[in-house]
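Please look at the structure first.

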Amino acid sequence: MMFWLSLSITVATVYGVQAILPAFGHEYIIQDDARQHIFWMQRFVDPELFPQDLITDYFQSISPPGYKAFYQALTLIGFQPFFLSKTLPILLGVITTIYCFGVCLKILPLPVTGFIGTLLMNQGLWLADDLISATSRAFLYPLFFAFTYYFLQRALLPCLISLAILGLFYPGFVLICVGILILQIFKFDRGLPRFSQQRNDYLFCGLGLVVGLAVLLPYSLESSLFGSLISVREARILPEFMPSGRMSFFRDDNPIRFWLSASRSGIRISFNPPIVILGLFLPLLLRFKSRFPLAKQVRNHISILLHLVVVSLFLFFAAHILLFKLYLPSRFTVHSFKIVFALATAVVLTLILDAVLKNSSKQKLLTFGATALIGVIIVFYPNLFWQNSFPRNSYIVGQVPPLYQFFQQQPKDTLIASLAGEATNIPSFSQRPILVSGEYAIAYHVGYYRQFRQRLADLIRAQYSSNLADVQNLIQKYGVDFFLLEKGAFTAEYLQQDRWLRQYLSSKVPNDPITKITRNALEGLQQGKVPALSKVMQNCTAFETGNLVVLEAKCISQKS
């Protein structure tokens with residue numbers, strides 16, 4: 001067993017090292033999701049950063065307490081948050097692998113099954129950006145596998161501890177764990193449901209409910225600093241939730257995509273790596289024990305996979321009914337199905353290989369050779385077929401270091417206003433606050449997003465107004481210190497091609513305030529109107545590099 005476990009850990013480590021190596025090849029590099037969920041942790045290093053900043057305060061407030069405490073504790077002993085985010089994925093991947101191996105052995109007690117299961121699980125994880133993000137969802141996998149292993153081991157205290165820690169890092173998945181604990185008290189006898197006769201089942205269920213409730217209760221009772229979650233009625237009148245929007249959710253024109261594959265509303269069954277589609281045949285193989293003799297050794301613990309599917313689908317539809325009270329429906333299925341298919345496929349492949357080897361006694365050499373070849377293909381085909389896309393890392397490399405260095409030299413309370421895409425990188429690479437950016441346009445808490453939208457509306461109006469007073473009013477209202485502009489920002493093509501702003505130009509909500517402002521700005525540019533901000537560029541430029549120009553707000557305020 002130790003050989004197969006060591007091999008599993010080795011594969012997980014190799015995948016992890018491959019994934020994180022690019023993170024150390026550039027001074028300004030960060031994983032995509034870390035720009036939202038880790039940038040604000042620079043406050044742990046320097047509490048004076050981002051003073052009273054709306055965006056930073058918001059993303060800090062929505063981070064789970066265990067996740068925040070974990071990073072803060074390691075920062076206090078000398079680890080930088082960004083360095084941690086680049087190295088943690090390897091550790092999380094190894095822990096996931098160890099517990100996943102244990103869970104596989106609880107289902108089918110063969111070390112090779114554990115190896116195949118962990119291999120497929122790691123391939124699925126490194127084909128996505130969950131582990132590599134080092135955000136709270138990266139902790140979901142090791143903690144859920146730990147909970148599952150101790151649950152199948154019937155180790156009560158470790159099981160409850162794992163459940164509690166999971167709630168502190170990724171609270172949504174506690175509901176799935178509690179659902180699994182509830183389902184295990186129901187048994188089937190000759191196709192009919194009945195209550196379990198095992199006292200232990202009720203002990204796990206009862207105490208699990210208590211721990212789950214204790215962990216989730218503070219979330220439900222705590223009053224958010226940024227208001228309540230958005231309602232369906234409010235979301236339906238925002239361009240951001242339309243098919244072309246930043247938070248695209250409602251797809252009335254494509255119900256199949258809405259329910260199956262959409263990133264926020266769909267079930268999102270992922271067949272990556274493609275071999276996991278074999279997991280669908282597990283029920284069939286278990287019925288033909290005469291042809292697949294090893295199926296007799298599959299333990300009753302296999303029901304955990306069915307329970308995980310049932311609970312996840314239940315919560316998926318509950319999340320749609322209670323939209324957006326349980327956040328996004330897809331969060332209850334995308335991770336669960338990835339786990340189920342990896343483990344189910346591991347069992348299927350083990351049963352098939354065993355049947356082939358036993359039925360090919362006359363051609364053992366050929367059979368072993370073919371088996372070895374299949375094994376090599378399973379291990380290495382992600383690197384062959386995805387090449388540069390595996391392992392996936394989603395790293396963003398800063399392209400304008402002189403710009404980041406310029407803003408780093410400014411006071412810590414410097415506020416930069418910009419519609420340029422590069423503004424997204426400034427909080428991470430320059431540690432300076434920005435007025436708005438598409439990366440931080442998250443529309444779920446009403447109190448935050450109303451302020452954010454007002455900022456965006458004021459900035460679009462000011463940037464494309466022919467009246468300089470609108471720009472000066474923006475400076476005074478928000479305390480803007482600099483404007484960051486792209487040189488082509490004052491053209492109609494810029495607005496039409498901008499990935500973030502064009503959601504308002506194509507909006508089916510014509511009465512939306514930002515839609516009106518953006519369309520008016522486009523019409524003005526098409527009619528040849530010259531924005532006042534463009535007229536002061538030459539005199540108020542404080543810094544320039546490549547296609548980017550930084551204007552000093554103080555200079556603009558003094559113009560008439």
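## Helix 7 and helix 16

In this predicted model, helix 7, which covers residues 111–126, packs with helix 16 at an angle of about 145°. The axes of helix 7 and helix 16 lie 8 Å apart. Two packed helices are described by these two quantities, the angle between their axes and the distance between the axes. The crossing of helix 7 and helix 16 is right-handed.

On the side of helix 7, the contact is made by Val112, Thr113, Ile116, Gly117, Leu120, Met121, Gly124 and Leu125. Helix 16 contributes Lys338, Ile339, Ala342, Thr345, Ala346, Val347, Leu349 and Thr350.

## The largest cavity

How many cavities of 30 Å³ or more are there? The count comes to 1 cavity. The largest cavity holds about 60 Å³ of space.

The lining of the largest cavity consists of Val103, Phe144, Phe145, Thr148, Ile304, Leu305, Leu308, Ile339 and Leu343. One of these lining residues, Ile339, also takes part in the contact of helix 16 with helix 7. At least two residues of the cavity lining come from each of helix 8, helix 15 and helix 16. By type, the lining of the largest cavity has 8 nonpolar residues, 1 polar residue and no charged residues.

## The second largest pocket

The volume of the second largest pocket is about 1,100 Å³. Its lining is made up of 38 residues, and those nearest the centre of the pocket are Asn300, Ile302, Ser303, Ile304 and His307. Ile304 lines the largest cavity as well.

Which elements give two or more residues to the lining of this pocket? They are helix 8 (140–153), strand 2 (186–189), strand 3 (192–195), helix 14 (282–287), helix 15 (303–321) and helix 16 (334–358). Helix 15 gives the largest share, 7 residues. The lining of the second largest pocket divides into 23 nonpolar, 9 polar and 6 charged residues.

## The whole chain

The chain contains 27 helices and 8 strands. Its C-alpha trace spans about 90 × 50 × 50 Å along the principal axes.

The radius of gyration of the chain is 27 Å. For 560 residues, a compact globule would have a radius of gyration near 24 Å, so the value for the chain agrees with that of a compact globule.

Conventions. Residues are numbered from 1 along each chain as its sequence is written. This is a predicted model: local features need pLDDT of at least 70, side-chain atom pairs count only at pLDDT 80 or more; totals for chains, interfaces and linings use all residues. Side-chain values use heavy atoms; hydrogens and water are left out. On a 1 Å grid over the protein atoms alone, a cavity is a set of points where a 1.4 Å probe fits but cannot get out, and a pocket is an open set with protein on both sides within 12 Å along at least five of seven lines; lining residues have an atom within 4 Å of a point. Grid points are joined across faces, edges and corners, and a volume is the space filled by probe spheres set on the points. Helices (H or I, at least four residues) and strands (E, at least two) are DSSP runs, numbered from the N terminus. Ala, Val, Leu, Ile, Met, Phe, Trp, Tyr, Cys and Pro count as nonpolar, Asp, Glu, Lys and Arg as charged, and the others, Gly among them, as polar. Axes are lines fitted to C-alpha atoms, for helices over the stretch in contact, and angles run from 0 to 180 degrees between N-to-C directions. A crossing is left-handed if the near helix is turned anticlockwise from the far one by less than a right angle, and right-handed if clockwise. Contact means heavy atoms within 4.5 Å. The radius of gyration is taken over C-alpha atoms; the globule rule is 2.2 Å times the number of residues to the power 0.38.
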